[in-house]
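Me: I'd like to learn how to read the features of a model like this one. Could you take me through it step by step?

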Amino acid sequence: MQVTVLGAGSMGHGIAQVSAMAGHDVVLRDIENDLVEDGLEGIRENLQGGVDRNKLTEDEMNETVARIEGMTDLEAAVDDADLVVEAVPEEMDLKQEVFADVEAATGEETVIASNTSSLSVTEMASALEHPERAVGLHFFNPPHIMDLVEIVIAEQTDERTEAFAVDYVQGIEKEDVVVRDTAGFATSRLGVALGLEAIRMVEQGVASPADIDAGMELGYGHPMGPIELTDHVGLDVRLHIAEHLREELGERFKPPQSLRRKVRAGKLGKKTGEGYYVWEDGERVGTSGDWGESDE
């Protein structure tokens, strides 16, 4: 099967990697050559890390890389695709435009999927002449490590497309959960609710970010606390999703003021070096703001 991934960022190149590791031929496409090369390099680094940890062999790494082709031409990228997964920024107009462009360049059997974490797949599918082929494939970051893929069934998704999506997810050795298309689906809705409440607790002085996170990790078995996860996801991304959920589901998703302030200040989390924590070389080294020095 050929899988085409549109968008070579952290999610896109991760989806491309796990698809190629499962034996699929993969095309990774972005709008600029530099973006494509960055995505391909990210895949090579991930795979090399797996080799270093004895998770895969050199031969497996090389075979995976050989199955991935990068390009910028959209029509060429999707021409022979059985599955196209868009992983472009979370903007409805852009995603609908991408869906329509993909449909114009593919046959009716090609399944068109979105990696959106919160936007309506039903609304995206409305841009298609054959919306029954649309589905959501919500991967989690980083895709090569996280086991879950949330399969989002739009109002228009037919049984063939749903079955195809389930087979694909199971074939790349991920665990699938199937949900209906509602605001925030299942995982983003619950995850954002927990993250926003944790931030409110920090604002109210209930506990430090590190202690709140430790409580959820040690007390509830979460692999990462909700505030650290916010830093990993990106404060700007979390704010955007919260505002969308507030519009769809009400005031319980109103973003905390500290989240807005940090985004305005460019403190977006791990990717900028500071969010609710301070980060150096990808490692958490301290807590931002009034909670003082290193929490390690």
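Reply: Happy to. Let's begin with salt bridges: one is counted when a side-chain nitrogen of Lys or Arg lies within 4 Å of a carboxyl oxygen of Asp or Glu. Keep in mind that this is a predicted model, where local features need pLDDT of at least 70, side-chain atom pairs count only at pLDDT 80 or more, and totals for chains, interfaces and linings use all residues. Residues are numbered from 1 along each chain as its sequence is written, and side-chain values use heavy atoms, with hydrogens and water left out.

Me: Which residue forms a salt bridge with Glu109, and how far apart are the closest N and O atoms?

Reply: The partner is Arg160, and the closest N and O atoms are 3.7 Å apart. This pair links distant parts of the chain: Glu109 sits in the loop between H5 and strand E5 (111-114), while Arg160 belongs to helix H7, 51 residues apart. Helices (H or I, at least four residues) and strands (E, at least two) are DSSP runs, numbered from the N terminus.

Me: How many salt bridges does the structure hold?

Reply: There are eleven. One of them joins Arg133 to Glu103, with 3.7 Å between the closest N and O atoms. Arg133 lies in the loop between helix H6 (121-125) and E6, and Glu103 in helix H5 (residues 92-105), so the pair ties together parts that are 30 residues apart in sequence. Both Arg133 and Glu103 are buried. Glu251 and Arg246 form another salt bridge, their closest N and O atoms being 2.9 Å apart. Salt bridges that share partners also join Glu86, Glu90 and Lys95 into one network.

Me: Now strands, please. Which strands pair with E7, and in what sense?

Reply: Two strands pair if DSSP finds at least two bridges between them. Strand E6 (residues 134-139) pairs with E7 in the antiparallel sense over four bridges, and Phe139 has Val149 in E7 as its bridge partner. E7 and strand E8 (residues 175-180) run parallel, joined by six bridges; here Leu148 is partnered by Glu175 in E8.

Me: What is the handedness of the unit that E7, helix H7 and E8 make?

Reply: A crossover is right-handed if, with the strands pointing away from the viewer, the path from the first strand over the helix to the second runs clockwise. E7, helix H7 (residues 159-171) and E8 make a right-handed β-α-β unit.

Me: Why is E7 described as largely enclosed?

Reply: Five of the six residues of this strand (residues 148-153) are buried, so the rest of the structure largely encloses it.

Me: And how do I check the span of a helix, say H1?

Reply: The expected span is 1.5 Å times one less than the number of residues. Helix H1 (residues 10-21), with twelve residues, reaches 16 Å from its first C-alpha to its last, close to the 16 Å expected. Ten of its twelve residues are buried, so H1 is largely enclosed by the rest of the structure. Among those buried are Met11, His13, Ile15 and Val18. After H1 comes Gly23, with a positive phi near 100°.

Notes
Buried means under 20% relative accessible area, exposed over 50%, partly exposed in between (1.4 Å probe, protein chains only).
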